[in-house]
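Subject: Structure handover

Hi,

Here is the structure I promised to pass on. Please open it and keep it beside this email as you read.

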Amino acid sequence: MGVYIGKIIAISELNVQVLINEEKVKYHDILYTEQKGKKLYFEVAEEDGNVVSAIPFQTVIGLKKGVEVYKESDGLEIQYSDEILGKVFDSYGNLIDGQSIENVVKKNVYERNVSLEEINLNGGNLWTGIKVLDFFAPMKKGFKMGLLGGAGVGKTVLIKELINNVYKGFNSNSVFVGIGERSREGKELYDEMTEAGLLDKMGIVFGQMGENSAARSKAIFSGLTLAEYLRDEKGQDVLLFVDNIYRYVQASSELNAELARVPIENGYPANIASAISLVEERINSTEKGSITSFQAIYIPADDVTDQAVQTIQGHLDGQIVLDRKVAEKGLYPAVDVFNTTSKQIDIEKVGERHYRLVEEALRYYSRYAELEEIIAVLGIEELSSMDTKIFYRTRKLRNYFTQPMFVAENYTGVPGKFVDIDDVLEDVENILTGKYDDVDESRFLYIGKYEG
């Protein structure tokens, strides 16, 4: 039995106030009360003299004033062992997939913070084997990448391919955190991962859309703890997928409103920057391993200047943008090369050859967009010989950056390809310099390395 600390004096959907006795209570402590043989849990959010505001983890329907409240000996915890793989947890560390854990070893989800001495910025490159990403948005271990794109542009397939390739290349596991996920989408992801044989290579945390703000705000901390286990205890280079980081900010705003904290513009809490930093600063490389994250960002009303989006982007090292217009042409991964960026695209970091090739490729893409409009009006015969070359070479390049995916083999019947960055640079150089001018553009569609 926990320690008796006081009684409930006020109840609202996201805030239960407790009048406490002499017992010490601090931020993030877990309190509970028993109702009809079941425990209802709360987490301390604020302390004002001898009145504590606590966030309920589940519905407060049926809860009454005057009910006795107890304090748990431990805070919010999640499993911290190899048994996290192949399992699905809720935001509070409970299994929701009908499985069980044989040897329970738990860790507090707020405990870990990487100190400045531990951070290792020389984590080395993280090559994914996906041509368009490695070329236009190369990554280092420990990078934070935004993943932007609406529904149906191939986000899930790209995530699955990344999990597959990183497991093959580095023998490292992944963690998927669904914040405000639709339960249908969560189930689809679970089934797809099982089908692709990837489920046992990852740990999953879901804070579902139908749950209250507490669940949506805690999912990320439970997911980070799983990723930290793989990095710190297993020495792995972990991939952490967060879908959707904006929902975490949204949930924090809802909780702040309930606690009557005055919001700044757009209804965001005044502590929005520190709330996002709490999460982002835990994603880092150390001497033991690294956590590289892909964070899907919902952009409210397509407003990129939204304060939450801007604050999140301030932490990112790059972004991968998936575009419906590219997908409609049947080109997958449907990456928008103009808006896909990475801090690694720097002459000092990727070397002169790679840097110059990206510059040249983007110049070709840019001119191609202009030429498409000219051709629509005047026809291709009116182009100069140089523009004609640019037009056809860019089409080859565009086709070259498509790729057969390992995780889509069942549907396409085409074996997946992992392409080395040196092969990508060589192929791109050959296309741009005209070595393949006589080769038909269809020969570059859905291949790995060009074999000639």
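Two strands pair if DSSP finds at least two bridges between them. Helices (H or I, at least four residues) and strands (E, at least two) are DSSP runs, numbered from the N terminus. Keep both rules in mind for the strands below.

Some ground rules come next. This is a predicted model, where local features need pLDDT of at least 70, side-chain atom pairs count only at pLDDT 80 or more, and totals for chains, interfaces and linings use all residues. Residues are numbered from 1 along each chain as its sequence is written, and side-chain values use heavy atoms, with hydrogens and water left out.

**Strand 14**

Start at strand 14, residues 202-208. Six of its seven residues are buried. Buried means under 20% relative accessible area, exposed means over 50%, and partly exposed is in between (1.4 Å probe, protein chains only). Strand 14 pairs with strand 8 in the parallel sense, over three bridges. Here Phe89 has Val205 of strand 14 as its bridge partner. Strand 14 also pairs with strand 13 (residues 174-181), again parallel, over seven bridges. Look for Gly178, which stands opposite Phe206 of strand 14.

**The cores**

A nonpolar core is a set of buried Ala, Val, Leu, Ile, Met, Phe, Trp, Tyr and Cys residues joined through side-chain atoms within 4.5 Å. In soluble globular proteins, nonpolar side chains tend to be buried together.

The largest nonpolar core has 61 residues. Phe135, Phe136, Leu158, Ile320, Phe401 and Val428 touch the most other members. Helix 10 (residues 352-378) gives the most to this core, with seven residues. Where does this core lie? Domain 2 (78-343) and domain 3 (350-444) both give residues to it, so the core lies between them. Those domain bounds come from an automatic or database domain assignment.

Now zoom in on Leu158. Contact means heavy atoms within 4.5 Å. Not counting residues up to four places away in sequence, Leu158 touches Ile130, Leu133, Leu147, Ile320, Leu322, Pro333 and Met405.

**Salt bridges**

A salt bridge is a side-chain nitrogen of Lys or Arg within 4 Å of a carboxyl oxygen of Asp or Glu. By this rule the count comes to 21 salt bridges.

One of them joins Lys234 and Asp82, at 3.0 Å from N to O. This pair links distant parts of the chain, 152 residues apart. Lys234 sits in the loop between helix 4 (213-233) and strand 15 (237-243). Asp82 sits in the loop between strand 7 (77-79) and strand 8 (88-90). Lys234 is partly exposed, at 38% relative accessibility. Asp82 is partly exposed too, at 39%.

Next, find Arg367. It forms a salt bridge with Glu370, with the closest N and O atoms 2.7 Å apart. Glu370 and Arg367 are three residues apart in helix 10, so about one helical turn separates them. Arg367 also forms a salt bridge with Asp387, and there the closest N and O atoms are 2.7 Å apart. That pair links distant parts of the chain, 20 residues apart: Asp387 is in helix 11 (residues 385-400), and Arg367 is in helix 10. Is Asp387 buried or exposed? Asp387 counts as buried, at 13% relative accessibility. Arg367 is partly exposed, at 25%, and so is Glu370, at 41%.

There is also a network of salt bridges, linking Lys26, Asp29 and Lys71.

**Two loop residues**

Asn284 lies in the loop between helix 6 (272-280) and strand 16 (290-296). Asn284 is buried, with a relative accessible area of 11%. Leaving aside neighbours within four places in sequence, its contacts include Val114, Arg231 and Ile291.

Gly416 is in the loop between helix 12 (409-412) and helix 13 (421-432). Gly416 counts as buried, at 10% relative accessibility. Beyond four places in sequence, Gly416 touches Pro404, Met405, Phe406 and Glu409. Gly416 and Tyr446 are 30 residues apart in sequence, and 9.4 Å apart in space, C-alpha to C-alpha.

Best wishes
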